[in-house]
Amino acid sequence: MTQSDDLMQLDSLWRGVHVATMKDGQYSTIENAAIGVRGGRIAWVGPADQLPRYQTQQEHNMAGCWVTPGLIDCHTHLVFGGNRAGEFEQRLNGVSYQDIAAQGGGIAASVSATRAASEADLVASSKRRLQSLMRDGVTTVEIKSGYGLSLESELKMLRVATTLGNELPVTIKRTCLAAHAMPPEFDDKDRYIDYLCHEVLPKVATLGMADAVDAFCEHIAFSPEQVERYFQTAGQLGLPVKLHAEQLSALGGSAMAARYQALSADHLEFITEDDVKAMASAGTVAVLLPGAFYTLKETQRPPMSLLREHGVKIAIATDANPGTSPALSLRLMMNMACTLFGMTPEEALAGTTLNAANALGMAHTHGSLEMGKVADFICWDVESPGELSYWLGGDLVKQRIQQGIISL
C-alpha cells in the first residue's frame with residue numbers, strides 16, 4: 001500500500017458491511033465495517049469510523065450485508081467422465097459400496113468413463129459443476145485427479161483442472177491422486193505403486209502439474225505401507241502430501257500421513273486417539289466430508305470430541321464426486337457438518353475458510369480477512385454469519401469478490 005498526500009490509495013472500497021474476519025478461526029466480527037482493496041489484496045479492514053483518509057477508484061455501499069472470506073472447498077473430485085446415478089439406486093436397494101466396487105463399479109467405472117472422455121468434454125462438464133460451487137460462495141477449489149490411473153490420463157485430468165483455473169475467476173489447487181484405486185491393466189498393487197513412483201509422480205512434478213499428492217488408504221485401495229512408499233517419492237520430488245484415511249476402517253493411515261507432515265487427512269470416521277495425537281503434533285488438518293457420510297448412510301461419526309480436545313484444525317469439504325458425494329454446495333456441507341457431526345456454525349465457517357486454507361497450505365494468503373491477504377470475500381444476504389449453516393440451499397450470495405474484483 002502506498003500513500004500520496006497522506007491518503008490511503010485504494011483500487012476499491014466496500015462500505016456498509018458487517019465483517020466476520022475468521023481471524024484465528026473465529027467469527028471476530030466487526031459491525032459497520034469497511035474493506036479496502038489494492039492490487040488484489042486487502043489493504044485495510046476495520047470499523048468504518050476508523051477508516052483513514054483515502055482515495056479510491058471504486059466505492060461500493062452494501063447496505064448492511066455480512067461479509068466473510070470466500071469459501072474454500074479443500075477436497076473435490078470435480079473432473080470426471082459420466083456419472084454413477086445407477087450405483088446410487090443400487091445402494092438404496094441395499095448393495096454396499098464395497099460390493100459395487102467388487103462388481104467393477106465404483107471408482108473403476110469412473111476411470112473407464114474418464115479415460116474415454118475427451119479433454120474438451122471434461123472441461124465442459126467440470127466447468128458446470130465448478131460454477132455451481134462458485135455461485136454458492138466458493139472462491140478456491142482443490143481438484144484431484146485419480147480417475148485416470150495412467151500417466152496419460154492423470155495428466156489429462158490435471159490439465160483440465162489447470163484450464164478451469166485459467167478460464168474462470170477461481171483459484172484452483174491441483175492434487176495428484178494417482179494412488180486412488182487399481183487400474184484394470186494392473187493386478188498387483190505393489191507393481192502399480194512402483195509405476196506411480198518411477199513414472200507418474202516424476203513426470204507430474206517435472207511438468208509442474210500438481211500442488212500436492214494424495215492417496216486412498218483403505219482395504220479396498222492401498223495399505224499404509226504402500227502409501228508410505230508413494231509419499232516418500234512425493235517428498236523427494238518436493239510435493240506435499242494428503243491422504244484419504246480411516247473412512248471405512250482403522251488402518252492408522254492418518255498417523256502415517258502425519259509422520260510425513262501431511263497437509264490433511266480426510267474422512268476420518270474410524271480415526272483413533274493415537275491418530276488424532278499424531279495429527280495434532282504434525283499440524284495435519286482433519287478434513288471432514290459429511291456428503292460421503294450421508295450418501296453412504298454411514299453410522300460411524302468422526303470423533304469430534306477427540307479432535308477438539310487435542311486441538312486439531314477441522315475443515316469441511318464437499319468431496320464432490322460421481323459416486324459417494326455428488327455434492328455441489330459447500331454451504332449444504334456446512335449444515336450437514338452441524339446436524340450430522342455436531343459442529344457449531346462458527347466451526348463450520350472456520351472449516352470452510354481458514355482451516356480449509358490450512359488444509360491446502362495457503363493460510364498465509366487465504367482463509368481470513370486480514371491486511372495483506374488476497375481479497376477473496378463474499379457479501380451475503382443474511383442477518384448473521386450463522387445463517388450460512390442454517391439455510392438448506394437458496395441464493396444467499398449478494399456479491400462474490402475474487403482478488404478484489406466482483407466476479408458474480
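Reader: Which residues in α4 meet which in α5?
Author: This is a predicted model. On the α4 side, the contact uses Glu119, Leu122, Val123, Ser126, Lys127 and Leu130. Their partners in α5 are Lys156, Arg159, Val160, Thr163, Leu164 and Glu167.

Reader: What is that contact by class?
Author: Between α4 and α5 there are five nonpolar, two polar and five charged residues.

Reader: At what angle do α4 and α5 pack?
Author: About 50 degrees, with the axes 9 Å apart. Helix α4 covers residues 119-135, and helix α5 covers residues 151-167. The two are therefore oblique to each other.

Reader: Is the crossing of α4 and α5 right-handed or left-handed?
Author: The crossing is right-handed.

Reader: New topic, cavities. How many of 30 Å³ or more?
Author: The structure has two.

Reader: How much space lies in the largest cavity?
Author: About 130 Å³. It is lined by 13 residues. Closest to its centre are Tyr97, Ile107, His180, Asn321 and Thr324.

Reader: And the lining of the largest cavity by class? What does it have?
Author: Four nonpolar, seven polar and two charged residues.

Reader: What about the second largest cavity, how much space lies there?
Author: About 40 Å³.

Reader: Which residues line the second largest cavity?
Author: Pro69, Gly70 and Ile72 do, along with Thr139 and Thr140. The lining also includes His366, Gly367, Ser368, Val374 and Asp376.

Reader: How do the residues of that lining divide?
Author: For the second largest cavity, three are nonpolar, six polar and one charged.

Conventions. Residues are numbered from 1 along each chain as its sequence is written. This is a predicted model: local features need pLDDT of at least 70, side-chain atom pairs count only at pLDDT 80 or more; totals for chains, interfaces and linings use all residues. Side-chain values use heavy atoms; hydrogens and water are left out. Axes are lines fitted to C-alpha atoms, for helices over the stretch in contact, and angles run from 0 to 180 degrees between N-to-C directions. Helices (H or I, at least four residues) and strands (E, at least two) are DSSP runs, numbered from the N terminus. Angles under 35 degrees count as roughly parallel, over 145 as roughly antiparallel, 65 to 115 as roughly perpendicular and the rest as oblique. A crossing is left-handed if the near helix is turned anticlockwise from the far one by less than a right angle, and right-handed if clockwise. Contact means heavy atoms within 4.5 Å. Ala, Val, Leu, Ile, Met, Phe, Trp, Tyr, Cys and Pro count as nonpolar, Asp, Glu, Lys and Arg as charged, and the others, Gly among them, as polar. On a 1 Å grid over the protein atoms alone, a cavity is a set of points where a 1.4 Å probe fits but cannot get out, and a pocket is an open set with protein on both sides within 12 Å along at least five of seven lines; lining residues have an atom within 4 Å of a point. Grid points are joined across faces, edges and corners, and a volume is the space filled by probe spheres set on the points.
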